[in-house]
Amino acid sequence: GAGQAAMYAGLQELGVANGEDLKETLTNCTEPLKAIEQFQTENGVLLPSLQSALPFLDLHGTPRLEFHQSVFDELREKLLERVSAIALEGKVEERYKKLEDLLEKSFSLVKMPSIQPVVMCVMKHLPKVPEKKLKLVMADKDLYKACAVEVKRQIWQDNQALFGDEVSPLLKQYILEKENILFSNDISVLHNFFSPSPKTRRQGEVVQKLTQMIGKNVKLYDMVLQFLRTLFLRTRNVHYCTLRAELLMSLHDLEISEICTVDPCHKFTWCLDACIREKFVDNKRARELQGFLDGVKKGQEQVLGDLSMILCDPFAINTLALSTIRHLQDLVGQDTLPRESPDLLLLLRMLSLGQGAWDMIDSQVFKEPKMEAELITKFLPMLMSFVVDDHTFNVDQKLPSEEKGPIPYPSAIPEAFTKFLQDNRIACEIGLYYILHITKQRNKNAFLRLLPALVETFSDLAFSDIFLHLLTGNLTLLGDEFSLEEFCTSLFDGFFLTACSRKENVHRHVLRLLLHLHHKVAPAKLESLQKALEPTKQSGEAVKELYNQLTEKLELRKPSPAEVTETPSMELPLPTVPTPASR
């Protein structure tokens, strides 16, 4: 049948007899047994010493096929070893000439399963497989599949579409993995989206596979970067920026200088990677990063597009924003204004370069975005005044109160603050990180004061997944406040529920938070939230699934009717009943 034909494909071209020839011989002969014996002699293993040994094997009942197969396997192993050895010995031109000759002789047998590994091995060791052979491999799905990645690289580098088909599912998987982490049901302040170190992230399956596919091939590396840029433009999804940086650093880990030395972002990314690892930009590295930005030469401005994409990686933004908040706190202590701090100005410069990545790559106008003076002269001093308000309030609380009574926490929120969060992207990003910072400090007063400013922010940043992922994590530290009506009304009615119906992702984050903290929420409030959060016909599967999980948890919490009626009223002192010893 067809399987048989495939097994012996290509033998005839080499003048080697196959099953068809035997069939023909037997059909046209008078003495079949003699013909078979002759066929065996002509096509058997031509070793004189074997002639006497074969009948001995026959006596032991070992089929000739089994014997030939074992000889064949042994020879194939030797041949594979030899091919790998040829690839390493002698002068470069000579060894490749040997391999090319071998390929020429063996390629017609590439469809024979038993010989295929040898042909593939020869191709794998050839830095340039002849074009004609590559085309034949490409045209045959099974051959293409069986190819070593070294051969596939040679095919891919001239077939962007084919390479795209291979890379595309990996990029989809990467984005999905990121989203799964952001929406994970484990909510914690200690383990969040930004917890894994850069080194750990680069061990991820997708980064490793892409690194393997690229090898040392600059052309393929450039293609992947082009895919990432295009997808970032099409979707505005910042995780593609993370992958851009992770891929470069993964090649850096493997010391693939062929690629690292030609990527103009390499040293900048390497330095930034160290900052991300520490979650802080220290002064020494700040100088180094500034040197790279100041060193962009005339005529090479296009590199800013790449640098901005590296800085748009959420892990970079997170590091820059955390460092900015720390700097602002230090400035309060030093009585220094933001405009007098070169380190702070550099952080803002990098933040705006990162935040401007999409516009820059879209418009292809490669110059650093202008920094608005008011951000430095008005907005940041305003954040510093909030820090001062907290200090003042805390000191006041500790002073012995005379007749004046306790000083209330300042509840008014400067209108300018709300406006900055709506109109200025960098101000909004820093403002959101300041709110994360006070939440992490369990500063309920400051949180409730600034929360109303989050309802309307620049391009809805306060409802973005990364911010909500971090906020829900930090809110677990304020768990006990969830029993208070005022706190819940501000947080849920005043913030979350304003966007739930128009933003599916917000709906998901609120449900995640309640799954985690429902036992802290006052029952009446919980009931109204359960009604408000009920999925609609338009809701996606994820929302319905979370809502069902929450409903199940709440069902388990409800006391049975019997318990409700028998609860004694708490006004009377309860008699102390000795607990029965546990059996």
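Residues are numbered from 1 along each chain as its sequence is written, and side-chain values use heavy atoms, with hydrogens and water left out. Because the model is predicted, local features need pLDDT of at least 70 and side-chain atom pairs count only at pLDDT 80 or more, while totals for chains, interfaces and linings use all residues.

**View 1. The largest cavity, with about 90 Å³ of space**. A cavity is a set of points, on a 1 Å grid over the protein atoms alone, where a 1.4 Å probe fits but cannot get out, and its lining residues have an atom within 4 Å of a point. Grid points are joined across faces, edges and corners, and a volume is the space filled by probe spheres set on the points. Of the 13 lining residues, Ala245, Met249, Asp273, Ile276 and Asp313 lie nearest the centre. At least two lining residues come from each of helix H12 (198–201), helix H15 (239–253) and helix H17 (266–278), helices being DSSP runs of H or I with at least four residues, numbered from the N terminus. The lining has six nonpolar, two polar and five charged residues, where Ala, Val, Leu, Ile, Met, Phe, Trp, Tyr, Cys and Pro count as nonpolar, Asp, Glu, Lys and Arg as charged, and the others, Gly among them, as polar.

**View 2. The second largest cavity, with about 40 Å³ of space**. Its lining consists of Val281, Asp282, Asn283, Ala286, His327, Asp343, Leu346 and Leu347.

View 3. A pocket is an open set of grid points with protein on both sides within 12 Å along at least five of seven lines. Val238, Gln355, Arg425, Ser459 and Leu461 lie nearest the centre among the 45 lining residues, and H25 gives the most to this lining, with six residues. Domain 2 (160–373) and domain 3 (412–551) each contribute at least three residues to the lining, the domain bounds coming from an automatic or database domain assignment.

**View 4. Cys260 and Cys265, both buried**. The relative accessible area is 7% for Cys260 and 0% for Cys265, where buried means under 20%, with a 1.4 Å probe and protein chains only. The model has zero disulfides, a disulfide being a pair of cysteine sulfur atoms within 2.5 Å.

Key: Buried < 20%, exposed > 50% of the residue type's maximum accessible area, 1.4 Å probe, protein only.
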